[in-house]
Amino acid sequence: MAAVQDGQMELDAEKETKPEVLSDGTSNLSGSTASGTPLTAGGAPTQEDQQTLIAVLQFLKRNKLSDSVEILRREAGLGDQEDSQTLEGSGGGKGDGGGGDANSLLSRVSIPSAAAPQNTPTPATVKRADEQLDVSVVLSAYSQQGDPSLYQVYYSGLKNFIESVLDCHRAELSQLFYPLFVHMYLELVYNNHESKAKAFFEKFGGDQECYYQDDLRILCGLTKKEHLKGNEALLDFRTSRFVLRISRDSYQLLKRHLQERHNNQIWNIIQEHLYIDIFDGMPRSKSQIDSLSGSFAGEARREVNKVKVFHGLLKEPEIEVPLDDEDDEAENEEGKPKKKKTKKDSVGSKSKKQDPNAPQQNRIPLPELKDSDKLDKVMYMKECTKRIRLNPENLPSICFYSFLNAYQGLTAVDFTDDSSLLAGGFADSTVRVWSVTPKKLRKVKSATELNLIDKESDDVLERIMDEKTASELKILYGHGGPVYGLSFSPDRNYLLSSSEDGTVRLWSLQTFTCLVGYKGHNYPVWDTHFSPFGYYFVSGGHDRVARLWATDHYQPLRIFAGHLADVTCTRFHPNSNYVATGSTDRTIRLWDVLNGNCVRIFTGHKGPIHSLAFSPNGKFLASGSTDGRVLLWDIGHGLMIGELKGHTDTIYALKFSRDGEILASGSMDNTVRLWDSIKAFDDVETDDFTAATGHVPLPDNSQELLLGTYHSKSTPVTHLHFTRRNLLLAAGAYTSQ
């Protein structure tokens, strides 16, 4: 806490030794402030201070902490009986009937003693821990406020000061405008100063950055105290401290100004609601700040993105390619197939050598490879030998699947890894699966018919399929609302679907029936995604959490909580040890599957995030949102390293080519754009210094990186997929103009 009631604010001008939460505004209850002004004219403690001391003494007595009682009484200068007498006298004038009780006194104390060690659970600390549980407690922080008629004066004074400082400091200090504006407005509303709150909003609301306009539209509708109690976004803003990254020089300017003006009201808000991350170095420019601003709670704290992340790929299992396979070309030289196999190592994204940044093979339990999985790996290797190497001079062909007459409302699309099946989720709660190859979809025969099959025959897998059920389309019924997310398992035996009904369903692609309904989310589930190794999957929804599941567990294994709004998209890292989530709070978080910790927070988008894609080598992440921009992130350093501008609408699809050289983006603006991802990553150099300051200068080279723009007639792009040979598949529902 930062203020002593009716006392002078302490604005300690001493230099901090490291960038921490600002704690130099804490006042000293038993002495004088740093500026030399005593708390009272005679230096004696005020009545409220004395009440606090007596309440603590009574609490210690009741818990039989006699040594602590003696020490506190001696340091406070109280006699043996003075504490009980003062307690009786101080409680008499309150009129609440509880003045003589230490608990009631403690409940009225909102300012902890500066003499208390930081790791001691003071009453205010306990209160902060419980804030999220009780809405009234959360909002009560706005009850301590100054003269409402002076709010415009306070804010105008700070605004005039910031606009008068040197240009190099102005951009950084201007970050204070938005969080201060919001908290001052909420204080006025909470304390029933409706007319003054309206005047404050009208005068300064237009000064805020354009990317906060959606939040301000919500804020302007909160005009009464009753409105505040049911607003989740407001509670999140109140309970999560807004993070500002400011250079030490700019911070010292701000502190000196507030100290000279005795502007306690603004300083209280800074201390209570803001986290100022101070760094040593040159102040950042306006463009640098804007590139990372825009999220609901400000920028990410730098220490969050310094955790070690094992972004390397797991070692590939040893699988020999049979040389006498029928699919091989007729070759007499034994070296030919071997040459193909080695070619896979250079073309594929995974290597047999252990990546130094890779996690341990057994860091998380992964499913063992079945014979069918090994056979699929062999097929994958053969496909890789025929893969087209993409580059700016050799762009991929694009095959677009348009859903015509999709009156059901297409809401989700996914392809299998081998590009043989296509699934669509619809607003009428159905899931439809198509075969995009000549091979039709068949169900497994009934149990009685299976008993008649020779299980030892070589073609038993063909014999168990019922030819009478063969068709190009299968419809899956079971959900009770629109289907928003789809994901095929790597072995193509299962399909996941997530829905508005709050469930995730696992479907068998052998019987085309629902095997399991996973219930854990309380609200719509916006997305789900299978692990690259199968078995695990992740889901995210309106309840603002992502959940990690295993197919054989009906309860989630991990709950990833931290986002301040809906989790709209989820993706597994290629090594399956991490999960990325995008949210409408305009942040991306990377979670460790092993322990559930958040190891990266990326800010920079100006709208809800709807698409994520990891590069095949696991080092980079691409994200797309409603702001029409694709942002590129270095996972190891925790930094934004690229910004791709060109789309004019929400980006719902992102996909890297199989070798990682091309990034494809699909948008609601009916276009597919191809970007040179290798050049984007190579043009930016990250070193220890840039990682320490938390920012890399971003080159404005979107046009140089754009390799091609491809328009559909009137079909928004919902999904993108690269085949194993690097043909790009796109899908979306045709919309009549």
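Modeller: The chain has 23 helices and 31 strands, where helices (H or I, at least four residues) and strands (E, at least two) are DSSP runs numbered from the N terminus. This is a predicted model, in which local features need pLDDT of at least 70 and side-chain atom pairs count only at pLDDT 80 or more, while totals for chains, interfaces and linings use all residues. Residues are numbered from 1 along each chain as its sequence is written, and side-chain values use heavy atoms, with hydrogens and water left out.

Of the 737 residues in the chain, 51% are buried, meaning under 20% relative accessible area, with exposed being over 50% and partly exposed in between (1.4 Å probe, protein chains only).

The largest nonpolar core has 47 residues, and Phe-181, Phe-200, Leu-219 and Ile-270 touch the most other members; such a core is a set of buried Ala, Val, Leu, Ile, Met, Phe, Trp, Tyr and Cys residues joined through side-chain atoms within 4.5 Å. Helix 9 (residues 177-190) supplies the largest share of this core, 11 residues.

An α-helix has 3.6 residues a turn, so residues three or four places apart point the same way.

As for the rings, the structure holds 26 aromatic pairs, counted when the ring centres of Phe, Tyr and Trp (its six-membered ring) lie within 6.5 Å, with planes under 30 degrees apart called stacked, over 60 edge-to-face and the rest tilted. One of them joins Phe-181 and Phe-201, whose centres are 5.4 Å apart and whose planes stand at 50 degrees, so the pair is tilted. Because Phe-181 lies in helix 9 and Phe-201 in helix 10, the pair ties together parts that are 20 residues apart in sequence. Both Phe-181 and Phe-201 are buried. Ring pairs also link Tyr-155, Phe-177, Phe-181, Tyr-185, Phe-200, Phe-201 and Phe-204 into a cluster.
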